[in-house]
Amino acid sequence: MTLFLSTYVNKVDRKGRVSVPASFRAALQGQSFHGIVAFRSYKDSAIIGCGMDFMERLSTSVTDLDLFSDAQDDLSATIFADAHQLSLDGDGRILLAQNLADHAEITDQAAFVGRGETFEIWQPEAFNQRLAAARGRAKSQGATLSLRPRGNGE
């Protein structure tokens with residue numbers, strides 16, 4: 001299973017290229033596409049990033065919705081029509097599409113934020129604010145998590 005962990009802040013060069021963290025690149029190895037798939041978050045001023053395997057799972061999930069329903073139409077447009085396949089160059093960099101960078105207000109630095117099977121790309125200060133708010137909510141709500149039992153082979 002692909003797993004993205006930790007937070008890395010990397011410089012964005014004049015051409016809009018940014019290095020994908022080495023651990024994220026390692027997690028993406030063996031995918032059918034050599035790079036990342038990225039689309040605008042409809043919840044935050046951030047970019048959602050993942051591998052092609054996760055996009056395939058999303059496609060299956062959207063297909064499970066009623067054909068021609070508003071939910072299916074909206075999610076298909078929000079995710080797939082907006083997605084960019086961003087190839088990794090020889091130095092492990094991607095070229096951020098301008099509409100993605102504009103959405104996340106990324107200019108000279110980008111924070112790559114691990115989210116388990118996906119990751120996000122944020123303007124670093126905006127992410128710091130979002131993280132502080134999330135920690136505050138989790139603490140005030142006494143958030144807990146039940147671990148799923150291990151399956152066969154895990």
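Trainee: How many nonpolar, polar and charged residues are in the lining of the largest pocket?

Mentor: Keep in mind that this is a predicted model. By class, that lining has six nonpolar, two polar and five charged residues. The pocket has a volume of about 290 Å³, and among its 13 lining residues, Phe39, Ser41, Tyr42, Ile48 and Glu120 lie nearest the centre. Strand S3 (35-40) and helix H2 (52-63) each supply at least two residues of the lining.

Trainee: And what lines the second largest pocket?

Mentor: Met1, Leu3, Glu117 and Arg148 do. They divide into two nonpolar, no polar and two charged.

Trainee: On to the rings. How many aromatic pairs does the structure hold?

Mentor: Seven. Take Phe24 and Phe112: their ring centres are 6.3 Å apart and their planes stand at 80 degrees.

Trainee: Why is that pair called edge-to-face?

Mentor: Centres within 6.5 Å make a pair, and planes over 60 degrees apart count as edge-to-face. At 6.3 Å and 80 degrees, Phe24 and Phe112 meet both cut-offs, so the pair is edge-to-face.

Trainee: What makes this pair a tie between parts apart in sequence?

Mentor: Phe24 lies in helix H1 (residues 22-28) and Phe112 in strand S7 (residues 109-114), so the pair ties together parts that are 88 residues apart in sequence.

Trainee: How do you know whether Phe112 is buried or exposed?

Mentor: Buried means under 20% relative accessible area. Phe112 has 0%, so Phe112 is buried.

Note on methods
Residues numbered from 1 in each chain as written. Predicted model: local features only at pLDDT ≥ 70, side-chain atom pairs only at ≥ 80, totals over all residues. Heavy atoms only, no water. 1 Å grid on protein atoms, 1.4 Å probe; cavity = no way out; pocket = protein on both sides within 12 Å on 5 of 7 lines; lining within 4 Å. Points joined across faces, edges and corners; volume = space filled by probe spheres on them. Helix = DSSP H or I, 4+ residues; strand = E, 2+ residues; numbered from the N terminus. Nonpolar A, V, L, I, M, F, W, Y, C, P; charged D, E, K, R; others polar. Phe/Tyr/Trp six-rings, centres within 6.5 Å; stacked < 30°, edge-to-face > 60°. Buried < 20%, exposed > 50% of the residue type's maximum accessible area, 1.4 Å probe, protein only.
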